[in-house]
Amino acid sequence: MGEEANCNVAMESAAPKENGHTTGGAAAEAKAAAAACAEIAVTDAAAVPKPTPPPAAVAVDPRLQGISDAIRVVPHFPKQGIMFNDITPLLLRPGVFKDAVDIFVERYRGMAIAAVAGIEARGFIFGPAIALAIGAKFIPLRKPKKLPGEVISETYVLEYGTDCLQMHVGAIEPGERVLIVDDLVATGGTLCAAIRLLGTHYFLI
């Protein structure tokens, strides 16, 4: 985003100073620049549109602070150096838990989402509630050997090792819009695996 230079800035940068005062011939230059600037201001004032006032600040949803306060940070879990954001305290507060689900529902309702895919395990907590509220089916994306029947698999690298996600064959129809509720986002490996697994249009939480 560019900013228009004003006369004061142009004049100040053009006039070298010593001990806080304009020096020698620079004083004359500064005076001439100020006169020219004043002349431009007078002659071009009608042609230059007045700056548009900045838009009013967007109100912050008051529910967000309660949600943020209910999430605790656990240092060095599950291994040294990782700052783990734990949502279990949020789940102990029904009102805050509901606020979290409601915010997602408000965002995605009416967007023709056919399915919500939840990544094991925290995606199983929020995903079904969101799916029911927006009238979509829920698809669990699970760790290996958890789903019976025919599955497709996607292996991925995460922050502290490797893992695999599986989904039932036929859970998604071609062209369906899918909302992915991620387990948590660290390196993005799990999320990328889910996207590859679904192979369709998606929205992310």
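Colleague: Does T162 count as buried or exposed?
Modeller: This is a predicted model, numbered from 1 along each chain as its sequence is written; local features need pLDDT of at least 70, side-chain atom pairs count only at pLDDT 80 or more, and totals for chains, interfaces and linings use all residues. Side-chain values use heavy atoms, with hydrogens and water left out. Buried means under 20% relative accessible area, exposed over 50%, and partly exposed in between (1.4 Å probe, protein chains only). T162 has 60% relative accessibility, so T162 counts as exposed.

Colleague: In which strand is T162 found?
Modeller: Helices (H or I, at least four residues) and strands (E, at least two) are DSSP runs, numbered from the N terminus. By that naming, T162 is found in strand β8.

Colleague: Which residues does T162 touch, not counting those up to four places away in sequence?
Modeller: Contact means heavy atoms within 4.5 Å. With sequence neighbours up to four places away set aside, T162 touches Y156 and V157.

Colleague: What about E176: does E176 count as buried or exposed?
Modeller: E176 is found in the loop between β8 (161-168) and β9. Its relative accessible area is 17%, so E176 is buried.

Colleague: Which residue's side chain does the side chain of E176 meet in a polar contact of 3.0 Å?
Modeller: A polar contact is a pair of N or O atoms within 3.5 Å; within protein, one must be able to donate a hydrogen and the other to accept it, and residues adjacent in sequence count only if both atoms are side-chain atoms. A polar atom of the E176 side chain lies 3.0 Å from the backbone nitrogen of E173. The side-chain partner in the polar contact of 3.0 Å is K137.

Colleague: Which residue's side chain makes a polar contact with the side chain of E154?
Modeller: E154 lies in strand β7 (residues 151-158). Leaving aside neighbours within four places in sequence, E154 is in contact with several residues, including D163, L165 and A193. At 2.8 Å, the side-chain polar contact of E154 is with R196.

Colleague: Which residues of strand β4 point to one face and are buried?
Modeller: Strand β4 (residues 83-86) has side chains that alternate.

Colleague: What is the bridge partner of V116 in β6?
Modeller: Two strands pair if DSSP finds at least two bridges between them. Strands β5 (residues 115-119) and β6 (residues 137-141) run parallel and are joined by five bridges. In β6, the partner of V116 is F138.

Colleague: What percentage of the residues of the protein chain count as buried?
Modeller: The protein chain holds seven helices and ten strands. Of its 205 residues, the part that counts as buried is 29%.
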